[in-house]
Amino acid sequence: MPFDYIIPTHQGRAAEAILFSLLGGKGKNIPSNTHFDTTRGNVEAGGAMAHDLVIAEGKDPANLHPFKGNMGLEKLEAYLIEYGDSVPCVMLTITNNAGGGQPVSLENIQAVSKLAKAHGRLFIIDGCRFAENAYFIKLREPGQGERSIEDIVRDCFSCADGMTMSAKKDAFANIGGWLALNDPDLAELARARLVQTEGFPTYGGLAGRDLDAIAQGLVEIVDENYLHYRIRTNEYIVERLDAFGIPVVKPAGGHAVFIDARAWLGHIPPLEYPGQAVATALYEIGGIRSCEIGSVMFGRQLDGSEIPAAMDLVRLAIPRRTYTQSHADYVVEAFGELAEVKDLLRGYRITKEQKLMRHFTCEFTPLS
Ligand SMILES: *Cc1c(COP(=O)(O)O)cnc(C)c1O
């Protein structure tokens, strides 16, 4: 990752909080392919607006486009013209977590960089799953098949002005993250902020052993055998659920399997949270913990109104180097049981919620 200044933080969201405390604020507009929930939360907490400009294929769970995380380039260009100087930076999430763990092509990353530069804007990559994204580029992008993961990773980051990272993702660590920047003045401001909120710039709120784990994790994460096993596990679960007729986001994403709850539970309207109904039932049946990524997560608007999210998905995030084939089969069996009773599931109503990022702590009651 060829950045000049690396500023360690205790998690990815802490890097986001520092970045947007410097670049965000009232009247600012920040585009991304899809902002991750904590990214959106940090943008909005400072008073700026977050906008998602992913390609149309990225919002269609059944579409087999190889890079469904790509930024819509025409949308971005129109956005940069419309919002002009109120845009401090262009973000790009690789892979596109909230959009189904879908990859972004190297060609798209470079095109976003070009557009940002042409309009004089910083280009910041949310790189949480950079290694999985690079592996998809190697597998699917013409001309990339013979290149090493390291080379592809370097190309992805060398056209950016900075990155945010959660080391809990593609750095194999239990905790940690960082903000990387090339601009010395911005980096100095970020470090000053870091000292207030995280710790000294040499450790950013982390213990030394965690920094060591990150360093080793970054070496191991680009191992192609590991990446192959990881991606293949997800594909396997997707193939099996598909065979049950359960609608899943296809092709399989990098770090997770995503169920299209809106399509599967057609009898539950989006604002009665079909994704939450699947997540709850899956836990009751199999003790499997998943996460709604849909109208619970993104439905509440800044003005207090509520509108359905683009999709109502359920994410089964797969921990790295944790599960075996029999765990995957267990998950599939639990879904088999759930499929038999899914027409009996009911929606939910939220009884308690925070204004921002409500999904982390809100409470529900089942509808009868
Ligand atoms: C996890 C994640 C974050 C936030 O990182 P934390 O370490 O959990 O704070 C930000 N963006 C993406 C894409 C993520 O997956």
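The exercises below concern the pockets of a predicted model.

Local features need pLDDT of at least 70 and side-chain atom pairs count only at pLDDT 80 or more, whereas totals for chains, interfaces and linings use all residues. Residues are numbered from 1 along each chain as its sequence is written, and side-chain values use heavy atoms, with hydrogens and water left out.

**Exercise 1.** State the volume of the largest pocket and describe its lining.

*Solution.* A pocket is an open set of points on a 1 Å grid over the protein atoms alone, where a 1.4 Å probe fits, with protein on both sides within 12 Å along at least five of seven lines; lining residues have an atom within 4 Å of a point.
- Step 1: the volume, the space filled by probe spheres set on the points, is about 1300 Å³ for the largest pocket.
- Step 2: 44 residues line the largest pocket, and Arg-289, Ser-290, Cys-291, Arg-315 and Ala-317 are the closest to its centre.
- Step 3: the lining draws at least three residues from each of domain 1 (5–220) and domain 2 (224–366), bounds that come from an automatic or database domain assignment.

**Exercise 2.** Determine where the second largest pocket lies relative to domain 1 and domain 2.

*Solution.*
- Step 1: the second largest pocket has a volume of about 870 Å³.
- Step 2: among its 37 lining residues, Arg-40, Asp-52, Phe-298, Arg-300 and Gln-301 lie nearest the centre.
- Step 3: domain 1 and domain 2 both give residues to this lining, so the second largest pocket lies between them.
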